[in-house]
Amino acid sequence: MSITRTLLTTAIFAASLAGAAYAQTSPTPAAPSTASPPAATTTAPAASTKAAAKPAKAQQTAKSKDCSAQADAKSLHGKERKKFRSDCMKGA
């Protein structure tokens with residue numbers, strides 16, 4: 001009886017190791033992407049657009065700060081402040 005129990009325990013132990021070894025296999029590689037990389041010519045205009053956007057953004061930031069300062073001077077809060085800043089940013 002002892003030999004049977006030992007063989008059964010050994011078989012179970014070996015089966016559990018085989019399952020762990022199987023679980024550690026590497027996954028199958030993903031399918032290659034069908035999208036083509038962007039053309040080199042598309043990056044050059046984007047870079048110049050970014051450079052042109054910096055002064056515009058700085059200009060808008062300055063305008064926003066000016067409108068906020070004006071709203072502070074008028075002690076505007078809540079909806080009134082939001083409406084005033086919106087009109088101010090539009091140039092109205």
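Author: A disulfide is a pair of cysteine sulfur atoms within 2.5 Å. Please keep in mind that the model is predicted. By that rule, the count for this chain comes to 1 disulfide. The disulfide joins Cys67 to Cys88, with an S to S distance of 1.9 Å. That distance is within 2.5 Å, and therefore the pair qualifies. The angle about the S-S bond is -80°, and the link of Cys67 and Cys88 is left-handed. The pair links distant parts of the chain, for Cys67 sits in helix α2 and Cys88 in helix α3, 21 residues apart.

To place these two helices, start with the chain as a whole. The chain has 3 helices and 0 strands, and its pattern along the sequence reads α-α-α. Helix α2 covers residues 40-73, while helix α3 covers residues 78-90.

How far can the prediction be trusted here? The chain has a mean pLDDT of 76, and 59% of its residues reach 70 or more. Among the elements of the chain, helix α3 has the highest mean pLDDT, 94, whereas helix α1 (residues 2-23) has the lowest, 73. Where pLDDT is low, the predicted coordinates should not be read in detail.

Helix α3 has 13 residues, and at 1.5 Å a residue it should span 18 Å; its end C-alpha atoms are 19 Å apart, which agrees. Just after α3 comes Gly91, with a positive phi of about 90°.

Now return to the cysteines. Both Cys67 and Cys88 are buried. In the chain, buried residues make up 7% of the 92 residues. The two cysteines also belong to the largest nonpolar core, whose 5 residues are Cys67, Ala71, Leu76, Phe84 and Cys88. Helices α2 and α3 are the elements that give two or more residues to this core. Setting aside neighbours within four places in sequence, Cys88 is in contact with Lys63, Cys67 and Gln70.

Ser86 counts as partly exposed because its relative accessibility is 31%. Asp66, in helix α2, is 23 residues from Met89 in sequence and 9.3 Å from Met89 in space, C-alpha to C-alpha. Asp66 is partly exposed too, at 42% relative accessibility.

Ser75 is in the loop between α2 and α3. Most residues other than glycine have a negative phi. Ser75 is not a glycine, yet its phi is positive, about 55°. The relative accessible area of Ser75 is 54%, so this residue is exposed; the cut-off for that word is over 50%.

Key:
Residues are numbered from 1 along each chain as its sequence is written. This is a predicted model: local features need pLDDT of at least 70, side-chain atom pairs count only at pLDDT 80 or more; totals for chains, interfaces and linings use all residues. Side-chain values use heavy atoms; hydrogens and water are left out. pLDDT is the predictor's confidence in each residue, from 0 to 100. Helices (H or I, at least four residues) and strands (E, at least two) are DSSP runs, numbered from the N terminus. A nonpolar core is a set of buried Ala, Val, Leu, Ile, Met, Phe, Trp, Tyr and Cys residues joined through side-chain atoms within 4.5 Å. Buried means under 20% relative accessible area, exposed over 50%, partly exposed in between (1.4 Å probe, protein chains only). Contact means heavy atoms within 4.5 Å. The expected span of a helix is 1.5 Å times one less than its number of residues.
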